[in-house]
Amino acid sequence: MTENVDGPDFSSLPEGCISHVLSLASPRDACRSSAASSIFRSAAESDSVWERFLRDDYSDILSRSVSPMEYSSKKELYFRLCDSILIDGGKMSYWLDKSSGKKCFMLSAGELGIVWGDTPQYWRWVDSSESRFSKVAELLMVCWLEITGRFNSQLLSPKTTYIAYLVVKIDPEGYGLDNAPAELCVKLGDQLSVHPALLKLPSIPRRRPTVPMTGLLRWRNSYFEENWPADGRVPLDRGDGWMELELGEFYTDEGNYGEVEFSLMEVKGGDWKRGLIVDGIEIRPKKA
């Protein structure tokens, strides 16, 4: 018997066996394997592979979708679910991380607990063409800023580190969002993540004729670096017209499921605040 010096010839295996092996890998690996041979390509297209990547609750997700979804194969369905879909009457969105198949969710602002959120003089609910949801919450004026949320961690992928983000915009005409740090908190069981945050960078002082703008920008950045703790956070641009503020991370241990709780609070400074626009809280896997 002649030994294959180039390694084992997997293409000689039955297609069903190859499909089973690919289903234990990742969606990215399955797509890459298609280039190996025609039998690998056929196996990588099979419904049995992509149904495993869809997870066992995809039928429930489809039943909760706002719009019916048509598809000709489980692979097509997988990639359609990699784009966000609205579920539960438009109160939440769902999608799959394309490379790993991990489940992701976003709670709309309407699903969050916003103190004074139902009082028109403090908050208003407005349409936004840039949001996936029908309404976003705009802060008009409060001195007590508190936003909370809850989510059933059993709906997430197991044994996965997730990060929760508050998705927001900051009105350039807003004020009071850089005066005192807010406290961010994420809690699941005995896991607790707490960090300080500013909702916008410190304001630049009034410009003097002898001080160029570049000098003021350096002053602000230097002040921020010297006076802000290493674990302090600020909203970062995400490239879709919104910013995201990392609230914290948690791990979905199969023996530690329960409700994960999120909060942002700035209640100690006492300053009036305006100009925060809240889209919701996004929950997605931490990138390796």
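Guide: Start with strand 6, residues 136-139, in this predicted model. Strand 6 is covered on both faces. V136 and E138 lie on one side, A137 and L139 on the other, and all are buried.

Now its partners. Strand 5 (residues 123-126) runs antiparallel to strand 6, joined by 4 bridges. Here W123 stands opposite L139. Strand 14 (residues 274-285) is also antiparallel to strand 6, with 2 bridges between them. There, E138 faces I277.

Step back to the whole chain. The protein chain has 7 helices and 14 strands. Of its 288 residues, 43% are buried. Among contacts with a separation of 6 or more, 66% are between residues 24 or more positions apart. The accessible surface is about 15700 Å², and carbon and sulfur atoms hold 50% of that.

Next, the rings. The chain has 6 aromatic pairs. One of them is Y78 with F79, edge-to-face, at 5.2 Å centre to centre and 85° between the planes. Y78 is buried, at 0% relative accessible area. F79 is partly exposed, at 28%. F105 and F151 have ring centres 5.0 Å apart and planes at 50°, so that pair is tilted. This pair links distant parts of the chain: F105 is in strand 3 (residues 103-108) and F151 in strand 7 (residues 145-152), 46 residues apart. Both F105 and F151 are buried. Ring pairs also join F53, Y78 and F79 into a cluster.

Last, charges over rings. The charged end of R132 sits over the ring of W95, 5.3 Å from its centre. R284 lies over the face of Y165, 4.0 Å from the ring centre.

Key. Residues are numbered from 1 along each chain as its sequence is written. This is a predicted model: local features need pLDDT of at least 70, side-chain atom pairs count only at pLDDT 80 or more; totals for chains, interfaces and linings use all residues. Side-chain values use heavy atoms; hydrogens and water are left out. Buried means under 20% relative accessible area, exposed over 50%, partly exposed in between (1.4 Å probe, protein chains only). Two strands pair if DSSP finds at least two bridges between them. Contact means heavy atoms within 4.5 Å. Accessible areas come from the Shrake-Rupley method with a 1.4 Å probe; for residues, only the protein chains shown count as cover. Rings of Phe, Tyr and Trp (its six-membered ring) pair if their centres lie within 6.5 Å; planes under 30 degrees apart count as stacked, over 60 as edge-to-face and the rest as tilted. A charge sits over a ring if NZ of Lys or CZ of Arg is within 6 Å of the ring centre and within 35 degrees of the ring normal.
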